[in-house]
Amino acid sequence: MMMNHSLKSQCKVNPGTVIEGKWHRNRYTIIKELGYGANGIVYLAKNQNQQVALKMSDNGMSITSEVNVLKSFAKVQGSALGPSLLDVDDWDRRSGKVSFYVMEYIQGPDLLTFIQQKGSSWTGVLIVQLLNDLDSLHKTGWVFGDLKPDNLIVTGPPSKIRTIDVGGTTIQGRAIKEFTEFYDRGYWGLGTRKADPAYDLFAAAMIIINTAYPKRFAKTTGDFKQLKMMVRQKKELLKYEDVILNALQGHYSSAGEMRNDMLQLTRSNPVQRSTGNRNAGQKAGPQPASRQVYRQKKQKGSIFETLLITLIVTLLYFLYIYGQLL
Amino acid sequence: MKTGTLKQILLITDGCSNQGEDPVAMAALAKEQGITVNVIGVMEQDVIDEQGMNEIEGIAMSGGGVSQVVYSQQLSQTVQMVTRKAMTQTLQGVVNKELQQILGGSKTMEDLPPDQRGEVMEVVDELGETVELEVLVLVDTSASMKHKLPTVKEALLDLSLSLNARSGDNRFSVFVFPGKKKDVEKLLDWTPNLESLTSIFSKLTTGGITPTGPAIQEALNHFKKKRSLRSLLSRDDESFFEESV
């Protein structure tokens with residue numbers, strides 16, 4: 001996609017190449033290329049009969065930055081946030097030094113491929129799993145950032161969604177490090193690029209939409225109206241309409257909240273779908289609605305207060321006048 | 001560590017310069033003044049010729065910046081990526097200098113063991129989030145750019161969206177070349193966001209020559225003008241200075 005010749009050539013290695021780390025002296029045999037992005041190439045490699053994923057980049061900064069993220073994930077106990085980090089090292093090549101890190105190899109098809117193979121009934125389950133992981137990620141103070149189907153792998157059986165590529169993972173409150181336009185709320189004019197939980201939830205909603213439009217679609221009016229129209233045009237999306245629209249508008253403050261709404265929808269079986277839908281409508285609504293009620297109550301309260309004060313002041317005034325007259 | 005202001009020139013073009021000073025030399029001059037020059041080559045169906053490619057890479061190299069050639073559909077994402085990448089590069093340069101003062105010799109961040117490198121990286125990340133940034137955008141408006149201009153506008157709005165998500169302050173300024181009367185024309189003076197571009201950009205006329213060199217020179221003057229005005233107000237204007245390595 002992007003033309004970065006130097007990157008492709010610098011860390012391009014052939015299967016069978018043995019990579020030995022300069023600091024820790026671990027040896028990895030390259031098996032094949034798994035994929036590449038703007039920040040490097042990921043290879044499948046073998047170390048003492050264990051299959052691992054090895055990411056290489058001649059931009060040492062991005063490697064270091066991703067390692068920092070993975071290290072802070074490792075501190076969260078029992079979490080499935082991203083792949084686990086196994087090794088960090090440099091490899092001295094004739095052409096120069098290449099930084100790399102080694103992580104757990106997460107095997108399986110990406111989200112869209114999986115759903116195309118197994119059917120759209122899996123969408124709900126997998127998204128609920130994803131929201132679960134996002135919830136614990138957000139609680140540690142991070143935002144995933146570059147959330148997209150390519151970065152979501154379904155392992156199993158039992159089928160479980162896992163996130164890979166933490167290149168976009170950003171500390172909450174900072175500017176998102178890396179994103180993909182289609183899943184970016186800034187691109188659709190629906191918010192900033194400051195890292196907050198709602199940023200990931202927007203992307204999650206776009207991923208649900210993406211499952212019904214595997215080839216994505218171009219920006220026309222490029223606003224909420226267009227996205228809403230696209231959701232309404234697909235039968236399989238109508239089921240999740242309320243959740244998607246809420247997430248797109250940033251109405252959810254946490255992944256847990258969105259997950260609960262999603263769970264309500266997936267629980268309803270196809271026969272009761274229509275009632276399930278209505279339930280969902282009520283379920284998705286209460287947050288803003290209850291806030292309004294609260295505000296109204298508060299307003300009523302303040303009116304009452306004002307009246308009471310006016311009354312007391314008037315009474316005191318009359319007493320004063322009465323006193324003066326006497 | 002003192003945080004100053006990062007200064008960048010972002011050149012958006014689709015080919016070779018054909019008038020005035022050598023843009024590669026002007027970019028070198030910019031670097032000497034602590035201003036980084038980044039170049040983005042925009043293609044449509046046409047491919048940029050070898051001469052144009054060489055010039056694009058040459059300007060970025062001597063300007064201490066980043067270059068990238070893309071199809072216009074990818075412009076938005078590229079513009080913000082290139083700017084961020086160049087910022088990190090400059091900050092890394094600054095941090096390396098500090099490291100050399102502490103550790104002595106010619107040690108850089110890359111020579112540290114991976115663990116310590118991670119800690120230094122956190123400092124660079126933090127600086128990238130908070131540092132003040134000035135970006136002067138130079139847009140090529142020669143005839144062949146005409147139908148790419150709406151995309152350029154979109155990309156610049158997107159850039160201000162990305163950078164304004166940081167906690168540090170940003171200032172943008174936009175120049176076009178060739179201008180209506182002169183080689184280079186100021187479209188927008190220093191401003192924190194680029195929204196006002198929308199109305200100005202539609203009135204742009206294209207055509208004529210491609211004076212890339214003079215454009216960079218004018219950009220440098222604009223940075224200088226600002227600095228002297230500032231010094232009148234007796235505000236110290238510390239800038240990150242990456243000496244030629």
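Reader: Which residue takes a positive phi in the hairpin of β3(A) and β4(A)?

Author: Gln48(A) does, with phi near 50 degrees, and two residues lie between the strands there. Strands here are DSSP E runs of at least two residues and helices are H or I runs of at least four, numbered from the N terminus. This is a predicted model, where local features need pLDDT of at least 70, side-chain atom pairs count only at pLDDT 80 or more, and totals for chains, interfaces and linings use all residues. Residues are numbered from 1 along each chain as its sequence is written, while chains are lettered from A and ligands numbered from 1 in written order.

Reader: And how many bridges do β3(A) and β4(A) share?

Author: Seven, in the antiparallel sense; pairing takes at least two DSSP bridges. Tyr43(A) stands opposite Leu54(A) of β4(A).

Reader: What about β2(A), in which sense does it pair with β3(A)?

Author: Antiparallel again: β2(A), residues 27-37, and β3(A), residues 40-47, are joined over seven bridges. Tyr36(A) has Ile41(A) as its bridge partner, and two residues separate the strands of this hairpin.

Reader: Switching topic: how many residues has the largest nonpolar core?

Author: It has 72 residues, and Leu54(A), Phe202(A) and Ala247(A) are among those with the most contacts inside it. Such a core joins buried Ala, Val, Leu, Ile, Met, Phe, Trp, Tyr and Cys through C-beta atoms within 7 Å (buried: 20 or more other C-beta atoms within 10 Å, placed from the backbone). Helix α5 of chain A, residues 197-212, gives the largest share, eleven residues.

Reader: Nice! Why does this core lie between domain 1 and domain 2 of chain A?

Author: Because both domain 1 (5-104) and domain 2 (111-284) give residues to this core; the bounds come from an automatic or database assignment.

Definitions and conventions. Buried ≥ 20, exposed ≤ 12 C-beta atoms within 10 Å, placed from the backbone.
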